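Please read it with the structure open.

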Amino acid sequence: ARRRFALWMASVGVEEVARRARAAARAAQSLSTGAKDAALAEMYDALAGARDEIVCANEIDREATLAAVEAGKQSRTLYKRLDLGGAKFDAMLTGVRSVMGLDDPVGKVSLARELDDGLELYRVACPIGVICIIFEARPEAAVQISSLSVKSANAVILKGGKEAEHSNRALVRAIRKGLEIAGLPQDMVQLVSTRGEIAQLLKLDKYIDLVIPRGSNELVRYITDHTRIPVLGHADGICAVYVDKSADLNKAVSIVCDAKTQYPAVCNAAESLIIHREVVGSHLPAIADALLAAGVSMRVDPSALDVLGERTDSGSRVTLASEDDFVTEFLELVLAVKVVDSIDDAIEHINSHGSHHTDSIVAEDKSAAEAFLSGIDSANVYHNCSTRFADGFRYGFGAEVGVSTTRTHSRGPVGLEGLLIYKYRLYGNGHTVAPYASGEKTFTHRTMDPPFRV
């Protein structure tokens, strides 16, 4: 099976991959919920059965990346993101099971309207079609994306980063085996592997309906600038926690530390702490002590430095911030800190310096919280909780294909519903437009109770 898969990847050109994906997407439109869930069950079993092979492939990628890190050619953050062992593999499998347990949204009716007697209009959820997802590192993303694509009856073309090449091949080989056993088109999930293939894929608007890039702002910008295909952007996560003057100290310490330290190498980790001047003296020292104890380096503005001056000798982990620090996704134990005079200043700073991903306010004043939630222009806005909750699995979506920061049909963690569009079905009985145009007949436009699916 491994040799057959390798020969397939070597022999199939990019346009042929896209053509096959289109054919698979058309075949998938009529799949029943039972057929899709059976395929997900087979994918789960195939992945579990290939665990040793997948972990070995992952070790090859990790060893090569570690050598690049030690040579100064790659970041340690990237190396951490590659890991597929132990609990991470278990969580990946759990994600497949979670998607199986989700209600099938395909065919769901969101509008039902009688236009006239015997003439009924329905708006019905349907798959987008062919989705191309370009992602960096994180090989488990291939499984999350494939699971959601199968459940939503889409075909997906995956382009992973070179650093995870062996891992992605092993994962997709197992996924396609599961699809084959279940009797679904294997080409619902395909993998391309070379950087040059991205440019070719971006030209294939004849076959590909949506591109979802998961990575840096530079990657998203490159893709947006080089394709006519619609792009659902997932870029940097420059997330902030704002500690309001009404904030409870214990909540502030707990939330800021979790948002920064629970897993810093992800896009929903906090990169900035914004704190109201009225509580900088009472709250910042305790927050800073907890962060420093967790190994965090703090890059602070002059007002914060005045309060934390005695801590500047903590191994030089409290230093004066530059302006660039407030627009940087560190993805490590580094946090930029700024003091503001008002909640309006906090909102302005976050909107102009953040990436519109996820931002949180710590406050006991509900009116301040509502002002923040309304004023922050981000996909996820929180009150008294960590930014780390911005995740499709934690939202109950089963998994996610990414976190959209764009203003299209889907924003925030993109789960099943983000991979759907809709079509209008009109059921008549010989109806024609002429009588309505002449005034002989008039429309009733009566809202009906929509069934779950037509």
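The text takes cysteines first, then salt bridges.

**Cysteines**

This is a predicted model. How many disulfides does the structure hold? The count is zero. Cys 239 is in no disulfide. Its nearest cysteine sulfur belongs to Cys 267, 6.8 Å away. A disulfide needs two cysteine sulfur atoms within 2.5 Å. Cys 239 is also buried, at 1% relative accessibility.

Cys 385 has Cys 239 as the closest cysteine by sulfur position. The two sulfurs lie 12 Å apart, which is too far for a bond. Cys 385 counts as partly exposed, with 22% relative accessibility.

**Salt bridges**

Side chains of opposite charge can pair when their charged atoms come close. The count here comes to 20 salt bridges.

| Pair | N to O distance | Relative accessibility |
|---|---|---|
| Glu 53 and Arg 173 | 2.4 Å | Glu 53 27%; Arg 173 15% |
| Arg 62 and Glu 59 | 3.1 Å | Arg 62 15%; Glu 59 32% |
| Arg 411 and Asp 377 | 3.2 Å | Arg 411 32%; Asp 377 30% |

Take Glu 53 and Arg 173, whose closest N and O atoms are 2.4 Å apart. Which elements does this pair link? Glu 53 sits in helix H4, residues 51-70, and Arg 173 in helix H8, residues 165-182. The pair joins distant parts of the chain, 120 residues apart. Glu 53 is partly exposed, whereas Arg 173 is buried.

Arg 62 counts as buried, while Glu 59 counts as partly exposed.

The side chains of Arg 411 and Asp 377 meet in a salt bridge with 3.2 Å from N to O. This pair, too, links distant parts of the chain, and its partners are 34 residues apart. Arg 411 lies in the loop between strand E14 (403-404) and strand E15 (412-413). Asp 377 lies in the loop between helix H15 (366-375) and strand E13 (380-383). Arg 411 is partly exposed, and Asp 377 counts as partly exposed as well.

Salt bridges also form a network. Glu 16, Arg 19 and Arg 20 are linked in this way.

Note on methods: Residues numbered from 1 in each chain as written. Predicted model: local features only at pLDDT ≥ 70, side-chain atom pairs only at ≥ 80, totals over all residues. Heavy atoms only, no water. Buried < 20%, exposed > 50% of the residue type's maximum accessible area, 1.4 Å probe, protein only. Salt bridge = Lys/Arg side-chain N within 4 Å of Asp/Glu carboxyl O. Helix = DSSP H or I, 4+ residues; strand = E, 2+ residues; numbered from the N terminus.
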